[in-house]
Amino acid sequence: MFSQTKAFSGFSVNDIAAAKRFYGETLGLRISEDHGMLTLHIAGGNDILVYPKENHTPATFTILNFPVDDIDKAVDELAARGVRFERYDSLKTDEKGVFREEGPPIAWFTDPAGNVLSVLQEQ
C-alpha cells in the first residue's frame, strides 16, 4: 500500500522560533516554515517535519543522527557554536563528550526542546 508513497519523519518541539534558530543557524540546515511548522531539508533529499506541541515532552532516545567524516572536527565546530554535549552515567565519554567504546564514535546533544540528536563518525 505504501511502497510508492514518500514517507517522512517528524518530531515535536515546544518553541518553533527557538527550533528555527537552532536548526537553521546553529546547525546550518536548510529549513522552511509553513503553517507554523518547520521542515528540515537534510542531505539526500529527505525532509523532516518539526511541529509545535504545547505539552511537548522531549524524546528519551536519539531522534536524529548526523553522520560525519571526522567526529572531533564536528564536535569542535558545534561546541564553538554553543552546542553542549551530553554525558550519560552509563557511557564513558572523553573530555569532548565523545563515546568511543563500542560502535562508531558518537556524541549526543539536545535541541532547545530537549530532543536528543547525535553526530557519529562513519567508519
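Guide: Glu 101 is found in the loop between helix 2 (71–80) and strand 6 (106–110), where helices (H or I, at least four residues) and strands (E, at least two) are DSSP runs numbered from the N terminus. The model is a predicted one, in which local features need pLDDT of at least 70 and side-chain atom pairs count only at pLDDT 80 or more, whereas totals for chains, interfaces and linings use all residues. Residues are numbered from 1 along each chain as its sequence is written, and side-chain values use heavy atoms, with hydrogens and water left out.

With a relative accessible area of 55%, Glu 101 is exposed; the classes are buried for under 20%, exposed for over 50% and partly exposed in between, with a 1.4 Å probe and protein chains only. Leu 91 lies 10 residues away from Glu 101 in sequence, and their C-alpha atoms are 8.4 Å apart in space.

Since Asp 72 belongs to helix 2 and Lys 96 to the loop between helix 2 and strand 6, the pair ties together parts that are 24 residues apart in sequence. Asp 72 is partly exposed at 26% relative accessible area, and Lys 96 is partly exposed at 25%. A further salt bridge is formed by Glu 77 and Arg 81, at 2.8 Å from N to O; Glu 77 counts as partly exposed at 39% relative accessibility, and Arg 81 is partly exposed with a relative accessible area of 39%. Through shared partners, salt bridges join Asp 72, Asp 76, Asp 94, Lys 96 and Arg 100 into one network.

Elsewhere in the chain, Lys 20 forms a salt bridge with Glu 33, and the closest N and O atoms are 2.9 Å apart. Lys 20 lies in helix 1 (residues 16–26) and Glu 33 in strand 2, so this pair ties together parts that are 13 residues apart in sequence.

Strand 1 and strand 4 (residues 46–52) run parallel and are joined by 5 bridges, and the bridge partner of Gly 10 in strand 4 is Leu 49.

Finally, there is the interior. A nonpolar core is a set of buried Ala, Val, Leu, Ile, Met, Phe, Trp, Tyr and Cys residues joined through side-chain atoms within 4.5 Å. The largest such core has 27 residues, and those with the most contacts inside it are Tyr 23, Leu 27, Leu 40, Val 50, Phe 85, Phe 109 and Val 119. Among the elements that give two or more residues to this core are helix 2 and strand 6. A second, separate core of 5 residues includes Phe 99, Trp 108, Val 116 and Leu 120.

Technical notes: Pairing = 2+ DSSP bridges. Salt bridge = Lys/Arg side-chain N within 4 Å of Asp/Glu carboxyl O.
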